[in-house]
Amino acid sequence: MPHPPDAEARRAVRPVICYPVESLPQPDMAALERMRADDMTPIRRLEIAPRDAAVFSVEAGQFFRIVSVEGPQVGDLNLWNAHDLGERFYSGKTRALHGTHLSTGDRMWSGFPYLRPMATITRDTLDWYGIDPYGGSVHDVIGTRCDPYTHDLLSGGAAYHSCCHSNLSRALAGHLGVSASAAETYVHDVLNVFMCTGFTRDTGQYFMKASPVRPGDYLEFFAEIDLLGALSACPGGDCSAEHSSDAAACHPLVVEIFAADPVARSNWREPAVRGYDRSHGM
Ligand SMILES: [Zn+2]
């Protein structure tokens, strides 16, 4: 199409932030620091095998970490309210509130009609990475999760069963005692833990590059409500080349769960769901 005469002027309009952080209630990081037990020794530890997923439970007020062990590996994280699987992590609104990648002080928000923090990030050993010259950063909420349907679409009908969507579906199915096809309706867009991603500046395409994570790195969360979590060790490994195949070198991931300080825990209250009356103008 021909450019209008004022094309450059229209492009030059300054952007405004959709959701200014000044209006977003901030987590009380000092209170969360007091919630930490003196002895941060895990009370439970779970290893997730490469190209597979596992389910874990965390009580409100506890902390959990996703830890890199053995080698660079990306993890796809789903969270649900442990008592109501209808309340689950909302990647899109979390992105709108906090930006494309999460780090310390950011929160994982649940979807409508709940919209409350499910978990708050309290430690990130990769927070030094920032935004690289390609526009890439770590722990994104811009990707989805690798899945067999998109693989079928792009490969002309090939089946691959170890995509994160399938791994999460199998793990949840085993936990709930239902079929994988029933469980997959609860699986949702993830927090891509340790994954390094961005959008190309020239074409706007989603890209990934080798994760900077190394064994010993971890991302730590405070559970704001009783949580059921599921974590997949992505078949893409460090996601430097491809996923949806057995080609990449893959490593396990570890989930560690920590008790809170009992005194601080007794003074703490979990966040309420939003107060909107759900009448929607009717
Ligand atoms: Zn994946």
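Which residue just after α3 takes a positive phi? In this predicted model, local features need pLDDT of at least 70 and side-chain atom pairs count only at pLDDT 80 or more, whereas totals for chains, interfaces and linings use all residues. Residues are numbered from 1 along each chain as its sequence is written. The residue in question is G99, with a phi of about 105° just after α3; helices (H or I, at least four residues) and strands (E, at least two) are DSSP runs, numbered from the N terminus.

Helix α3 comprises residues 91-98, and its buried residues are S91, T94 and H98. A residue is classed as buried if 20 or more other C-beta atoms lie within 10 Å of its own, as exposed if 12 or fewer do, and as partly exposed in between, with C-beta atoms placed from the backbone. Strand β6 (107-109) is included in what covers the buried residues of α3.

The protein chain as a whole has seven helices and 13 strands. The C-alpha trace spans about 65 × 45 × 45 Å along its principal axes. Of the 282 residues, 41% count as buried. Among contacts with a separation of 6 or more, 73% are accounted for by residues 24 or more positions apart, a contact being defined by C-beta atoms, placed from the backbone, that lie within 7 Å.

Six strands form an open sheet in the order β1-β13-β3-β11-β7-β6, with antiparallel pairing. Its edge strands are β1 (44-48) and β6, each of which pairs on one side only. Neighbouring strands of this sheet are turned by 20° against each other on average, direction ignored; axes are lines fitted to C-alpha atoms, for helices over the stretch in contact, and angles run from 0 to 180 degrees between N-to-C directions. Strand β6 is joined to β7 (residues 117-124) by three bridges, and the two run antiparallel; pairing of two strands requires that DSSP finds at least two bridges between them. Within this pair, M108 stands opposite A119 of β7. The loop between β6 and β7 contains P113, which is joined to F112 by a cis peptide bond with an omega of about 5°.

Strand β12 (residues 227-233) is mostly covered, seven of its seven residues being buried. L227, G229, L231 and A233 point one way from the strand, while L228, A230 and S232 point the other way. Two antiparallel partners of β12 are described here. Strand β2 (residues 53-58) is joined to β12 by six bridges, with V58 opposite L227. Strand β4 (residues 75-81) is joined to β12 by seven bridges, and the bridge partner of D76 in β12 is S232.

The largest nonpolar core has 61 residues, and those with the most contacts inside it are I66, A223 and L231. Such a core is a set of buried Ala, Val, Leu, Ile, Met, Phe, Trp, Tyr and Cys residues joined through C-beta atoms within 7 Å. Not counting residues up to four places away in sequence, L231 touches I48, A53, A54, I66, G75, L77, L253 and V255.

Residue Q73 lies in the loop between β3 (63-68) and β4. It counts as buried because 28 C-beta neighbours are inside 10 Å. With residues up to four places away in sequence left out, the contacts of Q73 include F194, A233, D238 and L253. Its C-alpha atom is separated by 20 Å from that of H151, 78 residues apart along the chain.

Most residues other than glycine have a negative phi, and most peptide bonds are trans. H139 has a positive phi near 65° and lies in strand β8 (residues 137-140); with 28 C-beta neighbours inside 10 Å, H139 is buried. C239, which is not a glycine, has a positive phi of about 60°. The position of C239 is in the loop between β12 and β13 (253-258), where this residue counts as buried with 24 C-beta neighbours inside 10 Å.

Notes: Two residues are in contact if their C-beta atoms, placed from the backbone, lie within 7 Å.
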